[in-house]
Each structure stands twice: as C-alpha cells, then as structure tokens.
Amino acid sequence: MDAVRLIVTSRRALMGSGEVPQILTEVWQAQALAQAIGSRLAVHGPPELRGEALGLTELAGRGCGVLDTPELAPGELRAAQLTDLGDARQTLLRLGGLLGEVGIALVGITCAAPDEGTYWQCMEAIDAADESRDRVVEMLSKLADREQASAQRPLPEREAG
C-alpha cells in the first residue's frame with residue numbers, strides 16, 4: 001500500500017482511539033510505520049536523504065522499543081503493508097504531521113499517567129517521536145535544497161545551426 005495512504009490511515013486511527021491502551025497501540029503502529037518508511041527511503045530514496053533516513057529508522061525503532069508491543073492480528077501491522085513510497089516530499093510532510101500528533105497524544109497520556117511506569121514509558125516515546133520528527137524535517141530541508149539547486153542550474157544553450 002502507498003505510504004501516504006498508510007499515514008492517513010494511521011492518523012485516523014490515532015484520532016479515533018479513546019482509551020490509553022488503544023492510543024499506545026496506535027502510537028506504536030505510527031512508530032513502526034515511520035521505521036519502515038525510513039528503511040525504504042534509506043535503500044530506495046534520493047541519495048541525499050539516505051543518512052537521515054537511517055537515523056529515522058533507528059529512532060522510530062527506539063520509539064517502538066520503549067512501548068509494550070501490542071498484540072495485533074495477522075494483517076493489522078500497517079508497516080508491513082508498505083509497498084510504495086510515492087513522492088518522497090509528500091510522504092515526509094504527512095509523516096511529520098503524524099509524528100507531531102503522536103507526540104501530542106503521548107503528552108496527554110503522560111499528564112494523566114496512572115503509574116510511574118506508564119509515565120516514563122511515555123516520556124521516552126515522546127523523545128523518540130520528537131527526534132524522529134526532527135529527522136523528517138531535516139530530510140524535507142534537504143529535498144528543498146535539492147529542488148532549489150536544480151531550479152538554479154542554467155539551461156544548456158542550443159547549438160546554432
């Protein structure tokens with residue numbers, strides 16, 4: 001499935017989740033999706049994004065690792081459904097938005113955490129989501145630089161014939 005479509009699905013699921021366990025499951029799903037997108041960009045994306053994409057993969061993996069792994073039925077893991085990155089810029093814009101919403105959802109849980117374990121788990125997940133989003137912003141900046149450099153290149157002159 002297309003990355004943008006999976007991101008939109010994840011955003012809707014996150015917004016529609018109500019109880020803390022549901023929210024944490026959707027946060028985990030979003031981080032797993034960010035990890036998969038980072039991995040795919042590192043291998044198949046524009047060369048100038050590969051280092052940052054590897055960093056995104058590691059950070060999003062940390063985001064999954066600090067949370068309890070949810071029990072998902074076969075076929076429910078959205079990251080496993082990723083088949084196409086589509087336009088890297090569009091994918092990164094949407095992913096940055098999703099990671100921002102993940103951070104907001106985690107802050108809400110942290111403020112009302114029922115126990116210290118949940119509090120610290122969420123604090124670490126907030127850090128991972130924030131750092132993942134920073135990587136996405138950096139990749140968007142590199143794409144913008146590439147587009148600007150491409151637009152400023154002089155067009156080849158035609159040969160007089």
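These questions and answers set values from a predicted model against their definitions. Local features need pLDDT of at least 70, and side-chain atom pairs count only at pLDDT 80 or more, while totals for chains, interfaces and linings use all residues. Residues are numbered from 1 along each chain as its sequence is written, and side-chain values use heavy atoms, with hydrogens and water left out.

Q: Why is Ala32 called buried?
A: Buried means under 20% relative accessible area, exposed over 50%, and partly exposed in between (1.4 Å probe, protein chains only). Ala32 has 7%, so Ala32 is buried.

Q: What is Ala32 in contact with, leaving aside its neighbours within four places in sequence?
A: Contact means heavy atoms within 4.5 Å. Ala32 is in contact with Cys64, Leu77 and Ala79.

Q: What makes Arg78 and Glu26 a salt bridge?
A: A salt bridge is a side-chain nitrogen of Lys or Arg within 4 Å of a carboxyl oxygen of Asp or Glu. The closest N and O atoms of Arg78 and Glu26 are 2.9 Å apart, and the pair forms a salt bridge.

Q: Why does this pair tie together parts of the chain?
A: Arg78 lies in the loop between α3 (50-65) and α4 (88-111), and Glu26 in helix α2, so the pair ties together parts 52 residues apart in sequence. Helices are DSSP runs (H or I, at least four residues), numbered from the N terminus.

Q: Is Arg146 buried or partly exposed?
A: Arg146 has a relative accessible area of 39%, so Arg146 is partly exposed.

Q: What does Arg146 meet in a salt bridge?
A: The side chain of Arg146 meets that of Glu48, at 3.1 Å from N to O.

Note on methods. Helix = DSSP H or I, 4+ residues; strand = E, 2+ residues; numbered from the N terminus.
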